[in-house]
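Subject: Structure handover

Hello,

Here is the structure I promised to pass on.

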Amino acid sequence: MKSLEIIGYYRKENQMGAKAANLLRKEGYVPCVLYGTGEDNKHFYVPNILFRDLIYTSKVHTVKINIEGDIFEAIVQDYQTHPVSDVVMHVDFLAMHEDKPVKIDIPVKLVGRSVGEQKGGRMVLKMRKLKVKALPSNLPDTIEVNVAKLDLGKSIKLSEIGERPYEIMNNPLVSIATVTIPRTLRTGGGVAAGEETEEEA
């Protein structure tokens, strides 16, 4: 998985608490906490602009956190944004260790042009991200799902995508993608049982 580096600064005693956090935000910084280092949680702050390619993107990255020369490998565990401006207000990170699996949401990437699309159907992606549990070395950038054989009105379920070097935590019966049948292609007053129309998708 691709990694991004962010540079932060430790919060001193006089920079702790809600008032100090709000002051940091006014100065263009985001208060952060790093969990799971095996020591005390690390409280630090990062220039807001550095989150542009980490939070405001559909891609997923691991993070190399440099706090005044102390280096940590981590993932974003949670974050909060302002309800109106969408500015990042707070970020929680979880430290990674080579021998400990982590859980993270990974985007789905559909591969191939389906049989159903070639017949005039429309591909609908129902699960844009899947929750993965894996060792850091096995974390994928995307979860590729081959839909080339998917026909009109058919879906591909999680259980059908084959084994991976990581565990997918979602229900195996969930549909990842469906080829819907446009109204113009329906004949005979209906569709076969189990097939999905555009209205149902």
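Start with the second largest pocket. Its lining is made up of Lys-2, Ser-58, Lys-59, Val-60, His-61, Pro-107, Val-108, Leu-125, Arg-128, Lys-129, Asp-141 and Thr-142. Sorted by class, that lining holds 4 nonpolar, 3 polar and 5 charged residues. The space inside the second largest pocket is about 200 Å³. Keep in mind that this is a predicted model.

Now the largest pocket. It holds about 360 Å³ of space. Its lining counts 15 residues. Nearest its centre lie Val-76, Tyr-79, Ile-104, Asp-105 and Lys-129. Lys-129 is also named in the lining of the second largest pocket.

Which elements give two or more residues to the lining of the largest pocket? They are β5 (70–81), β7 (102–111) and β9 (129–134). Strand β5 supplies the largest share, with 4 residues. By class, the lining of the largest pocket splits into 6 nonpolar, 3 polar and 6 charged residues.

Next, helix α1. This helix runs over residues 18–26. Which of its residues are buried? The answer is Ala-20, Ala-21 and Leu-24. These three sit on the same side of α1, because they cover an arc of only 100° around the axis. The other side of the helix has exposed residues: Ala-18, Lys-19 and Lys-26.

What covers the buried residues of α1? The cover includes two strands, β2 (29–35) and β3 (42–47).

One more site deserves a look: Ser-155. You will find Ser-155 in strand β11, which spans residues 155–157. Is Ser-155 buried or exposed? Its relative accessibility is 18%, so Ser-155 counts as buried; the cut-off for buried is under 20%. The side chain of Ser-155 also has a partner. It makes a polar contact with the side chain of Thr-178, at 2.6 Å.

- The largest pocket, with Val-76 and Tyr-79 among the residues nearest its centre.
- The second largest pocket, with His-61 and Asp-141 among its lining residues.
- Helix α1, with Leu-24 as one of its buried residues and Lys-26 as one of the exposed ones on the other side.
- The side-chain contact between Ser-155 and Thr-178.

Best wishes

Key: Residues are numbered from 1 along each chain as its sequence is written. This is a predicted model: local features need pLDDT of at least 70, side-chain atom pairs count only at pLDDT 80 or more; totals for chains, interfaces and linings use all residues. Side-chain values use heavy atoms; hydrogens and water are left out. Buried means under 20% relative accessible area, exposed over 50%, partly exposed in between (1.4 Å probe, protein chains only). The arc is that of the directions from the helix axis to the C-beta atoms. Contact means heavy atoms within 4.5 Å. On a 1 Å grid over the protein atoms alone, a cavity is a set of points where a 1.4 Å probe fits but cannot get out, and a pocket is an open set with protein on both sides within 12 Å along at least five of seven lines; lining residues have an atom within 4 Å of a point. Grid points are joined across faces, edges and corners, and a volume is the space filled by probe spheres set on the points. Ala, Val, Leu, Ile, Met, Phe, Trp, Tyr, Cys and Pro count as nonpolar, Asp, Glu, Lys and Arg as charged, and the others, Gly among them, as polar. A polar contact is a pair of N or O atoms within 3.5 Å; within protein, one must be able to donate a hydrogen and the other to accept it, and residues adjacent in sequence count only if both atoms are side-chain atoms.
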